[in-house]
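I opened my notebook to go through one protein model, topic by topic. I started with the core.

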Amino acid sequence: VFYRFCRRAQQEPDKRFVFVIDEINRGNLSKIFGELLMLIEPDKRGPEHALTLTYSDERFHVPENLHILGMMNTADRSLAMVDYALRRRFRFKDLAPCFSGRFKEHLLGLGAEKALVERIAERMDALNKTILEDGALGRGYRIGHSFFCPAKGVTPDIAWYTGVVKGEIEPLLEEYWFDDPDK
């Protein structure tokens, strides 16, 4: 898939291409990219850095107009140490949960009542503050908006909200604080 995407980007050099890899930390990048791992570095882009691929005689390069976004959840316990190869090739940007602005507009647009939207925002902000301040958890464990994005055709109402809290948020918090059930 990456190879084909690169070839397409090479054919349209005046256009920007973005390749998104979700949960990039879960894969073995050297096995996934092989010799291409070097070619994703910003200073190794373009035809002058082309390599002959291991399983063919074809010359290949990653074009300069291709950008790679590697997404990862830092709360994943398998990330005790992020591979240095990954650190060298990517910039890291922390995205904090946000329950304001466009999130609120989205829920209102789906028919949620303003009071419910405010309730979600206030409670999740307070919960995330508690998680952030917990020495055993911290910023990577904060809860994001995706829990509160209803399936197509579902109107976000109090029953939906209660279902999300009881069925998704509560079990997660029980896992977070399994040794402190009162919390």
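**Nonpolar cores**

I looked up the largest nonpolar core and found 22 residues in it. Ile 120, Leu 127, Ile 131, Phe 148 and Leu 173 have the most contacts inside this core. I note that the model is predicted.

H6 gives the largest share, 7 residues.

I then picked Leu 173. Leaving aside neighbours within four places in sequence, I found Leu 173 in contact with Leu 127, Ile 131 and Ile 143.

I also found a second, separate core of 21 residues. Among them are Phe 5, Leu 36, Leu 53 and Phe 90.

**Strand S1**

I followed strand S1 along residues 17–21 and saw its side chains alternate. Phe 17, Phe 19 and Ile 21 point to one face and are buried.

How does S1 run relative to S4 (residues 66–70)? The two strands run parallel, joined by 5 bridges. Ile 21 stands opposite Gly 70 in S4.

I checked the second largest pocket and noted about 300 Å³ of space. Its lining has 14 residues, and Tyr 3, Ile 32, Phe 33, Gly 34 and Leu 36 are the closest to its centre. Helix H1 (2–11), S1 and helix H2 (29–33) each give two or more residues to this lining. By class, I noted 10 nonpolar, 3 polar and 1 charged residues in the lining.

Methods:
Residues numbered from 1 in each chain as written. Predicted model: local features only at pLDDT ≥ 70, side-chain atom pairs only at ≥ 80, totals over all residues. Heavy atoms only, no water. Core = buried A, V, L, I, M, F, W, Y, C linked by side-chain atoms within 4.5 Å. Buried < 20%, exposed > 50% of the residue type's maximum accessible area, 1.4 Å probe, protein only. Helix = DSSP H or I, 4+ residues; strand = E, 2+ residues; numbered from the N terminus. Contact = heavy atoms within 4.5 Å. Pairing = 2+ DSSP bridges. 1 Å grid on protein atoms, 1.4 Å probe; cavity = no way out; pocket = protein on both sides within 12 Å on 5 of 7 lines; lining within 4 Å. Points joined across faces, edges and corners; volume = space filled by probe spheres on them. Nonpolar A, V, L, I, M, F, W, Y, C, P; charged D, E, K, R; others polar.
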